[in-house]
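Work through the exercises below with the sequence and the structure side by side. Try each task before reading its solution.

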Amino acid sequence: MLTLQVLPYSEIGNLTSVGKIRKLLNIAKENKIILLQGRLSKEEEAELIKATMEEINKDFKGIELAVLESEKSKTNALTAFRDGIANVLLGNKQGLTIIGPANIVKEIKKDPKKIELLTKDIRTTKKKNKKK
């Protein structure tokens with residue numbers, strides 16, 4: 001069974017960078033796909049990938065991550081300024097981040113307006129793991 005966990009940014013907004021990364025990584029290790037409102041900072045994304053690489057083993061194959069940013073090309077200067085102030089005051093809540101365990105996520109297709117997440121057949125994956 002595939003599990004999606006929708007995570008409002010408020011669930012991680014008050015955590016430290018390490019706390020955010022641990023929470024997201026622990027959820028992914030439970031074989032859940034996370035739909036996070038907003039996004040991590042670039043530094044936090046890099047640390048999440050680094051932490052993931054350090055924890056890869058035979059049971060945990062890593063994560064797939066994609067970020068859908070808010071549309072910036074059609075915004076005018078006033079809207080961009082307003083969005084910039086909101087980001088400074090409230091954190092970077094615009095956009096959507098998808099994080100999923102690599103043993104479940106087959107591929108994430110991304111273009112500026114949408115993300116398509118393709119999953120592996122979990123039954124096939126489990127059968128392959130039992131044969132090893």
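**Exercise 1.** Which backbone oxygen does the side chain of threonine 52 reach, and is threonine 52 buried or exposed?

*Solution.* Step 1: the side chain of threonine 52 reaches the backbone oxygen of leucine 48 at 2.7 Å. A polar contact is a pair of N or O atoms within 3.5 Å; within protein, one must be able to donate a hydrogen and the other to accept it, and residues adjacent in sequence count only if both atoms are side-chain atoms.
Step 1: threonine 52 is part of helix H2. Helices (H or I, at least four residues) and strands (E, at least two) are DSSP runs, numbered from the N terminus.
Step 2: threonine 52 counts as buried because its relative accessibility is 2%; buried means under 20% relative accessible area, exposed over 50%, partly exposed in between (1.4 Å probe, protein chains only).
Step 3: leaving out residues up to four places away in sequence, threonine 52 touches Leu25, Phe60, Gly62 and Ile63, where contact means heavy atoms within 4.5 Å.

This is a predicted model, in which local features need pLDDT of at least 70 and side-chain atom pairs count only at pLDDT 80 or more, while totals for chains, interfaces and linings use all residues. Residues are numbered from 1 along each chain as its sequence is written, and side-chain values use heavy atoms, with hydrogens and water left out.

**Exercise 2.** Which residues of H1 are buried, and what covers them?

*Solution.* Step 1: the buried residues of H1 are Lys20, Ile21, Leu24, Leu25, Ile27 and Ala28.
Step 1: these residues lie on the same side of H1, because they cover an arc of only 160° around the axis. The arc is that of the directions from the helix axis to the C-beta atoms.
Step 2: their cover includes strand E1 (3-7), strand E2 (32-37), helix H2 (42-55), strand E3 (63-68) and strand E4 (96-101).

**Exercise 3.** How many bridges join E5 to strand E6?

*Solution.* Step 1: six bridges join E5 to strand E6 (residues 114-119), and the two run antiparallel. Two strands pair if DSSP finds at least two bridges between them.
Step 1: isoleucine 108 has leucine 117 as its bridge partner in E6.
Step 2: a hairpin through two residues joins E5 to E6.
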